[in-house]
Structures are given as C-alpha cells and as structure tokens.
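This report covers one protein chain, shown below. It goes from strand pairing to overall dimensions and then to ring contacts.

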Amino acid sequence: METRREQMTTVMVKTPADYTQTDWSGGETNQLFLYPEDGDYKKREFSYRLSKSTVALRQTTFTLLDGYHRILMTLDKPITLSDLSHAKEISLTPFEPYAFEGDTRIVSRGICQDINLMYDDQYQGQLLPVWSDTLFETPKADCQLLYALSKLTYSVTNQANQELEANHLLVIEQEASLSDLKVCPNQTSPAQTPVAVWAGLWYKT
C-alpha cells in the first residue's frame, strides 16, 4: 500500500495484497476498502465499505444489512433482482448502478461479477462507471474511491499524471472535496470501454 498526504488530504493506493477475501453463500467477495480500517464488517462496525464479488450461483439471496444503504453494479453480465420487500423486479445491465436499502429482501438471478458500495446514515453515496474515451472529472465528494478495471492514468489537484494498475484502488480521504480527481482518456482501449468504477461519499449536513 502506498500513502501520500497532499495538504489535508490523504491519498492511498491499495493493491490486491491489501484486500480481504471471504466466501459467502453465492460465491466469494474481495473487500477492497473498509472505513474505519480497524472496523469489522461481520459485526457491522463500519461506516462504509467497497467490495467486489463473484456470483457463482444462478440464484442467490442478498445478505440483510439493517442500518446501511447499498449501491450495486454488475461488471460483466446482466442480472435480474427480485425485490421481495416491495414486490418488484429490476433488470440490471452491466455498469448500471442500482441503489437500495440494506434491509431490503432481494433475490438475484444471474452469474456475474459485481461491485458493491455500502454506507451508513452519516453518508450519501454514488457509484459511477468511468469510460475509456472520456475525460472523467469526479464530483466533489468527501471520500473518493477509484477501482481500476484496467491500467489507467489519473491526476489529483494539478499534480503530475500517475498510473493506477488494474485491480488497484485509489482512496482519497479527509478533505477529498478539495481534491480534483481526473481520469484521462485511454487511447489504447476501444471506445466506450469501462476502465474503472468511481465511488463517492458525502457527509450528510
């Protein structure tokens, strides 16, 4: 893990060696980041969490997370979510975010890889795809997480361009709203290819 401080902002790069892998009923999950970092997901002692999961079963039931909000995005294949709490079905295409409450009873149908943002009532959250052929200038969030799907180039607040390797995570904490995070277009990737997923969190006022 690499850590840098820029004024009052903490910038970290997490590598796969930093991730925590666990099994769940439908496959396996890599916890990319948990805040606070000494928190405990199983005990529900955390403020927010970003994870990437492999769903290996054609039908799975999501874990209930009372007191948390969730945003889900499939990274490769379409899935169908059955919201049993509100008697509705949602068809999700790859890189389409879907927000729901953690206590919602949801059954998922379809095999995929997905990314999942969870956060408590202190925050509002957003999950966005980053495309290869477009300069991505992130919204002004209090906490920012950028997960690279392929190698990319980024800059933070007029600093020199830097590279983020595939499957690495850029974390900007503390005064992140003062940081201008930009992801440069990737000229070597086909147009409209997703190169990253960005997660932003705002403190509620």
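## Strand pairing

How many bridges join β6 to strand β11? Three bridges join them, and β6 and β11 (residues 106-109) run antiparallel; strands count as paired if DSSP finds at least two bridges between them. T60 has S108 in β11 as its bridge partner.

Both strands belong to an open, antiparallel sheet of four strands, ordered β6-β11-β8-β9. β6 (59-61) and β9 (88-92) are the edge strands with a single partner each, so one side of each has no neighbour in the sheet. On average, neighbouring strands of this sheet are turned by 20 degrees against each other, direction ignored (axes are lines fitted to C-alpha atoms).

## Basis of the model

The model is predicted: local features need pLDDT of at least 70, side-chain atom pairs count only at pLDDT 80 or more, and totals for chains, interfaces and linings use all residues. Residues are numbered from 1 along each chain as its sequence is written, and side-chain values use heavy atoms, with hydrogens and water left out.

## Whole chain

The chain has 20 strands and zero helices (DSSP runs of E, at least two residues, and of H or I, at least four). The C-alpha atoms fill a box of roughly 50 × 40 × 30 Å along the principal axes. Of the 205 residues, 48% count as buried, meaning under 20% relative accessible area with a 1.4 Å probe.

## Charges over a ring

Two arginines sit over Y41: R44, with its charged end 4.8 Å from the ring centre, and R49, at 3.7 Å. The criterion is CZ of Arg within 6 Å of the ring centre and within 35 degrees of the ring normal.

How values were computed:
Axes fitted to C-alpha atoms, helices over the stretch in contact; angles between N-to-C directions. Buried < 20%, exposed > 50% of the residue type's maximum accessible area, 1.4 Å probe, protein only.
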